[in-house]
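Keep the structure open beside you as you read.

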Amino acid sequence: MEIVPIKSKEDYRRTLKEIEGLMTAKQGTPAGDRLDVLVTLVEAWEARNYRIGLPDPVDAIRYHMEQNGLAPKDLVEYIGGRNRVYEVLNRRRPLSLKMIRRLHQGLGIPAESLIKVADDARQLTGSAS
């Protein structure tokens, strides 16, 4: 697996495009491992270059819900049980890679918004997982 650092906006866009193509990759496969590494590279690059801009994942989900007339119950098939949906929406549980994939594929929420790393403790309150 050859991985190169992200050094420019062109590298960043190319990497995001590759991530989008890998969103269906299964965990534990070479493609799934590549996806995990690329997401980590993008997160690091965004932390250095885009301190403001992309919404955090919960804001992106809430915006999508508002724009499409969705209620929390409509997210159950993408996030999990109703309690889990509320935990995510109330920032008590982070999105898992599986949730990100489902939200991206099923609802079309941009992956780059869903994979954004929390800038502060408001994303995760008391949970490091």
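Start at Glu87 and Arg93, whose side chains form a salt bridge with the closest N and O atoms 2.7 Å apart. Glu87 is partly exposed, at 28% relative accessibility, and Arg93 is partly exposed at 28% as well. Salt bridges with shared partners also link Asp56, Asp59 and Arg91 into one network. Keep in mind that this is a predicted model; its mean pLDDT is 87, and 87% of the residues reach 70 or more.

Arg91 belongs to the loop between helix 5 and helix 6 while Asp59 is in helix 3, so the pair ties together parts that are 32 residues apart in sequence. Arg91 is buried at 13% relative accessibility, whereas Asp59 is partly exposed at 29%.

Now look at Asp56, in the loop between helix 2 and helix 3. Asp56 is buried, with a relative accessible area of 8%, and a polar atom of its side chain lies 2.9 Å from the backbone nitrogen of Asp59. Ser113 of helix 7 touches Asp56, and its other contacts beyond four places in sequence include Leu54 and Pro57. Ser113 is itself buried, at 6% relative accessibility.

Next, turn to helix 5 (residues 82–89), where the buried residues are Val85, Val88 and Leu89. Viewed down the helix axis, these residues fall within an arc of 95°, so they line one face of helix 5. What do they pack against? Their partners are helix 3 (57–68), helix 4 (76–79) and helix 6 (97–107).

From here we reach the largest nonpolar core, which has 30 residues; Ile61, Leu75, Ile79, Leu95 and Leu103 have the most contacts inside it. Each of the helices from helix 1 to helix 7 supplies at least two residues of this core. Leu75 contacts residues including Ile61, Val85, Leu89 and Leu103, with neighbours within four places in sequence left aside.

One region calls for care: over residues 119–129, pLDDT stays under 50, and the model has 17 contacts beyond four places in sequence for them. Where pLDDT is low, predicted coordinates should not be read in detail.

Definitions and conventions: Residues numbered from 1 in each chain as written. Predicted model: local features only at pLDDT ≥ 70, side-chain atom pairs only at ≥ 80, totals over all residues. Heavy atoms only, no water. Buried < 20%, exposed > 50% of the residue type's maximum accessible area, 1.4 Å probe, protein only. Helix = DSSP H or I, 4+ residues; strand = E, 2+ residues; numbered from the N terminus. Arc of directions from axis to C-beta. Contact = heavy atoms within 4.5 Å. Core = buried A, V, L, I, M, F, W, Y, C linked by side-chain atoms within 4.5 Å. Polar contact = N/O pair within 3.5 Å; in protein donor to acceptor, adjacent residues only side chain to side chain. pLDDT = per-residue confidence, 0-100. Salt bridge = Lys/Arg side-chain N within 4 Å of Asp/Glu carboxyl O.
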